Amino acid sequence: MSTLSTETVSNSSNSMTSTFLLVGMPGPSTAPSWWTLPLITVYLLSALGNGTILWIIALEPTLHRPMYFFLFLLSVSDVGLATALMPTLLGLAFAGAHAIPASACLLQMFFVHVFSVMESSVLLAMAFDRALAICRPLHYPSLLTNGVINKICLVIAFRCLGLHLPLPFLLAHMPYCHPQVLTHSYCLHPDMASLACPGAWGSVYSLVVVLSAMALDPLLIFFSYGLIVKVLQGVGSSEDRWKVGQTCAAHLSAVLLFYIPMILLALIDQLKVLLPQTAHTLLSYVHFLLPPLLNPILYSVKMKEIRERIYKRMQSRRVGCAQ
């Protein structure tokens with residue numbers, strides 16, 4: 001890791017300075033860094049995979065159902081999250097640009113958390129959808145109507161925008177007693193709030209808002225899967241259990257992929273585990289960049305209808321080109 005001078009961001013006036021410093025991956029001091037090509041590759045593959053999912057669901061009327069609508073929102077959040085991270089990641093990779101203006105840092109922080117909470121909320125909605133479909137199959141069409149889906153979307157929008165909109169303003173006006181050097185390659189709320197003076201009231205609201213989604217959602221998701229497992233135990237044959245379990249495999253994989261790295265990072269921070277900065281940085285990259293990359297693959301492989309529609313569209317395009 002490059003040595004960062006904290007003198008340039010020292011804070012003697014207890015107010016936010018104009019610049020934050022970011023931590024990048026270790027490597028030669030000359031730019032571009034060794035991780036530039038993998039970073040660009042991951043982003044382009046993520047954009048291609050999620051763009052394909054969005055394209056297929058938008059164009060296929062047979063996929064205009066609750067489960068695929070939530071998958072559409074998941075792909076939107078994946079693309080948005082990866083895109084929000086790219087400016088600072090590419091700046092560090094290409095030019096070693098550790099300094100970032102405070103306004104740009106607050107803006108990135110807002111979008112990173114908005115799309116993170118959107119992804120968490122959509123994963124919860126998908127778990128709710130699967131639990132209803134498996135536990136109440138006869139009542140599923142009447143329970144999850146278009147009106148109910150619209151209300152779920154409004155709740156997600158309020159969680160993402162309404163609750164998080166005050167965060168940049170609170171952070172901008174809190175007193176700071178520490179040099180404004182962050183521990184990641186992008187701006188995150190807990191990282192920025194930890195630099196504030198002890199007892200800053202805005203950090204309490206910020207912490208409640210962040211934990212309201214990232215702590216509550218996994219509990220509700222695993223509660224939903226507890227209900228599903230209970231129903232599966234009463235299913236007659238192992239073949240029926242296998243078929244029902246397959247419908248949840250892609251979603252459960254996406255849930256584990258999103259939450260396990262986040263939980264590990266939280267435990268490392270809380271328990272003060274001595275971990276090399278390289279490993280800590282890589283784990284944060286896994287948390288933010290791996291789900292957008294792998295979610296389209298998981299859903300394409302596990303969901304037959306998505307796979308068939310992709311193949312059908314590819315075949316029709318080949319025929320059109322041949323003509």
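**Exercises on helix packing, a surface patch and salt bridges**

Helices α2 and α5 run roughly parallel to each other. The model is predicted, with residues numbered from 1 along each chain as its sequence is written; local features need pLDDT of at least 70 and side-chain atom pairs pLDDT 80 or more, while totals for chains, interfaces and linings use all residues. Side-chain values rest on heavy atoms, with hydrogens and water left out.

**Exercise 1.** State how many helices and strands the protein has, and in what order the elements run.

*Solution.* Step 1: the count is 12 helices and two strands. These are DSSP runs numbered from the N terminus (helices H or I, at least four residues; strands E, at least two). Step 2: from the N terminus on, the order is β-α-α-β-α-α-α-α-α-α-α-α-α-α.

**Exercise 2.** Describe the packing of α2 and α5 by angle, axis distance and handedness.

*Solution.* Step 1: α2 covers residues 66–95 and α5 residues 146–162. Step 2: they pack at an angle of about 20°, and their axes are 11 Å apart. The axes are lines fitted to C-alpha atoms over the stretch in contact, and angles run from 0 to 180 degrees between N-to-C directions. Step 3: the pair is therefore roughly parallel (under 35 degrees; over 145 is roughly antiparallel, 65 to 115 roughly perpendicular, the rest oblique). Step 4: the crossing is right-handed, that is, the near helix is turned clockwise from the far one by less than a right angle.

**Exercise 3.** Which residues form the nonpolar surface patch, and which helix gives the most to it?

*Solution.* Step 1: the patch consists of F222, L252, L256, I260, I263, L264, L267, L271, V273 and L275. Members have over 30% relative accessible area and no salt bridge; nonpolar side chains (Val, Leu, Ile, Met, Phe, Trp, Tyr) are joined within 5 Å, and like charges, in charged patches, within 9 Å. Step 2: together they have about 830 Å² of accessible area (Shrake-Rupley method, 1.4 Å probe, only the protein chains shown counting as cover). Step 3: helix α10 (residues 238–270) gives the most, with six residues.

**Exercise 4.** Find the salt bridges, and state for each residue whether it is buried or exposed.

*Solution.* Step 1: the structure holds two salt bridges (a side-chain nitrogen of Lys or Arg within 4 Å of a carboxyl oxygen of Asp or Glu). Step 2: R130 pairs with D129 at 2.9 Å, N to O. R130 is buried at 11% relative accessible area, and D129 is buried at 1%. Step 3: R159 pairs with D217 at 3.1 Å, N to O. This pair links distant parts of the chain, from R159 in α5 to D217 in α9 (residues 216–233), 58 residues apart. Both R159 and D217 are buried.

Conventions
Buried means under 20% relative accessible area, exposed over 50%, partly exposed in between (1.4 Å probe, protein chains only).
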